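I opened a notebook page for this structure and kept to what could be looked up in it. The entries follow the order in which I turned to each part.

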Amino acid sequence: MKRLVVLGAGTAGTMVVNKLHRRVGDDWEIVVVEPSPTHIYQPGLLFVPFGMQDPDTLSKPSAKLLPDDVQLFTAEVDLVDTAHNQVLLVDGTSLRYDQLVIATGTTPRPDQTPGMTEHGWRTTVHDFYTLDGAVALRDALAAFQGGRLVVHVTELPIKCPVAPLEFAFLADAHFRSRGIRDAVDLTYVTPLSGAFTKPIASHKLGGMLEDRGIGLEPDFLVERVDEGSLVSFDERSLPFDLLVTVPINMGAPFVGRSGLGDELDHVKVDSGTFLATGHADIFAVGDAAALPISKAGSVAHFAIDVFVDNFMDHIAGRPMERAFDGHANCFVESGDGRALLIDFNYDTEPLPGAYPMPKVGPLTLLGESRFNHWAKIAFKPIYWNVLLKGRRLPVPISMSMAGKVRPEQPQQEEQKV
């Protein structure tokens, strides 16, 4: 019997297992390695600091999300021995594979920025991309009565690149609802030259920051965190009373140790097929893959649909003829029960319009609406009951230009996500 080993049971890994389990047949055994016994609904973490989401409702046992006959190892990977087609676990277990799928995601690494975990970590310096971080930040925001709050992105790529902007917009609404907005100096700090990576969306989102009185500090490459201040490599110093940071994101350390990764330990792959560079039996999907597109759940969703068909051709000895186009869409919470939606791919930036149906929508692209907000809220049960189980959603896998309108493009250099 042939063996497929899947490393990681997050969004991408769980989808891969559930979809392939129905298709590979009895000739294949599927084995999963996942260090965490619980699966977290990561889009909900954004809402925890504002009391909009109960953290106890965001997780389920990883094993419950996989088919009963899939063997799950709750363990950490030490190394992928590509020469001998085996995965070595930290506890000494060796797992042979015929095909390997790496879906171990990307993880915030505050330890990679000097001073970030040394000066006020989880007191005046917080993150919200982890469950414990979001809960700690909730308590810090509740106690915050005024001063300078800095929302900061260390470096790209990061998972869900719009989330820091969403946090800034929600913070503005949160402080207004408490009647203390005038006492809060709110600043958004980014290594980009604008609010976002693509010109049209950057112009729109930058205008929204300005309209809300949120300062924008672009081209800020942080060198270190001092007591109460961010310091850039060009020696700019930004003081803060409360820092909400998105640390550098890195892939799993075993990726680098195994010679499969880039400088951030994301697996180098073909961007259309996800086949690892230099290997015919290793794929990487989701945030673990080094792709020239956002690290977002929607990317995993659209990519997995392409990957599964290609994988079935691959193991049958046929060429992989489908190519992922980089399709992604993301809701952007803007506060006061409203949100935007952006839809884009490798070649086309976010544009205004209607989605998924031209003129009808009902979702609005690059425009705020309450329907967009409620669609984002309603996605949680869809995630647990449809997406993770590998069932197809009624939206196009590849990006369509239907319903999109290209306005005059602002003059701004495009930057990679």
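Which residues does Gln53 touch, not counting residues up to four places away in sequence? I noted that this is a predicted model before reading anything from it. Leaving those neighbours aside, I found that Gln53 touches Gly44, Phe47, Val48, Leu58 and Lys380. I placed Gln53 in the loop between strand E3 (38-40) and strand E4 (59-61), and with 19% relative accessibility it counts as buried, because the cut-off for that word is under 20%. I also recorded a polar contact of 2.8 Å between the side chain of Gln53 and the side chain of Thr57.

**Entry on the nonpolar core**

I turned next to the largest nonpolar core, which holds 124 residues, and I wrote down the members that touch the most others: Leu7, Val87, Ile102, Leu149, Phe167 and Phe307. Helix H6 supplies the largest share of this core, with ten residues. Apart from it I found another core, of eleven residues, including Met116, Phe220, Leu238 and Phe240. As a general reminder to myself, nonpolar side chains tend to be buried together in soluble globular proteins.

Leu7, once its neighbours within four places in sequence are left aside, is in contact with Val33, Val77, Val80, Val87, Leu100, Val101, Ile102, Ala103, Thr104 and Phe254. Phe167 belongs to helix H3 (residues 163-177) and is buried, with a relative accessible area of 0%. Not counting residues up to four places away in sequence, I listed Leu46, Pro49, Phe50, Phe128, Leu137, Leu141, Val151 and Val244 as the residues that Phe167 touches. I also looked along the chain from Phe167 to Asp182, which is 15 residues apart from it, and read a separation of 18 Å between their C-alpha atoms.

**Entry on helix H1**

How many of the residues of helix H1 are buried? I found that ten of the eleven residues in H1 (residues 11-21) are buried, so I wrote the helix down as mostly covered. The buried ones are Thr11, Ala12, Gly13, Thr14, Met15, Val16, Val17, Asn18, Lys19 and Leu20. As for what they pack against, I noted strand E1 (2-7), strand E2 (28-33), E3, strand E9 (99-102), H6 and helix H7 (370-387).

**Entry on aromatic rings**

I counted 14 aromatic pairs in the model. One of them joins Phe307 and Phe311, a tilted pair with 5.5 Å from centre to centre and 40 degrees between the planes. Why are Phe307 and Phe311 separated by about one helical turn? Because they are four residues apart in helix H6 (residues 297-315). In general, an α-helix has 3.6 residues a turn, so residues three or four places apart point the same way. Phe307 counts as buried at 0% relative accessibility, and Phe311 likewise counts as buried at 0%. I then saw that ring pairs link Phe307 and Phe311 with Trp28 and Phe283 into a cluster.

I kept a separate note for Arg212, whose charged end sits over the ring of Phe169, 5.0 Å from the centre of that ring.

**Entry on cysteines**

How many disulfides does the model hold? The count comes to zero. I checked Cys160, whose closest cysteine sulfur is that of Cys330 at 5.6 Å, which is too far for a bond, because a disulfide needs the sulfur atoms within 2.5 Å. I wrote Cys160 down as partly exposed, with a relative accessible area of 28%, whereas Cys330 is buried, with 7%.

**Entry on the backbone**

I looked for cis peptide bonds and noted the one from Tyr355 to Pro356, with omega near 0 degrees; Pro356 is found in strand E25 (residues 353-357). Another cis peptide bond joins Gly361 and Pro362, with omega about 10 degrees, and Pro362 lies in strand E26 (residues 361-365).

Asn85 is not a glycine, yet it has a positive phi of about 50 degrees; I placed Asn85 in the loop between strand E6 (77-81) and strand E7 (86-89), where it counts as partly exposed at 21% relative accessibility. Arg122, also a residue other than glycine, has a positive phi near 65 degrees. Arg122 is found in the loop between strand E10 (107-108) and strand E11 (125-126) and counts as partly exposed at 26% relative accessibility.

Key:
Residues numbered from 1 in each chain as written. Predicted model: local features only at pLDDT ≥ 70, side-chain atom pairs only at ≥ 80, totals over all residues. Heavy atoms only, no water. Phe/Tyr/Trp six-rings, centres within 6.5 Å; stacked < 30°, edge-to-face > 60°. Helix = DSSP H or I, 4+ residues; strand = E, 2+ residues; numbered from the N terminus. Buried < 20%, exposed > 50% of the residue type's maximum accessible area, 1.4 Å probe, protein only. Lys NZ or Arg CZ within 6 Å of the ring centre and 35° of its normal. Polar contact = N/O pair within 3.5 Å; in protein donor to acceptor, adjacent residues only side chain to side chain. Contact = heavy atoms within 4.5 Å. Core = buried A, V, L, I, M, F, W, Y, C linked by side-chain atoms within 4.5 Å.
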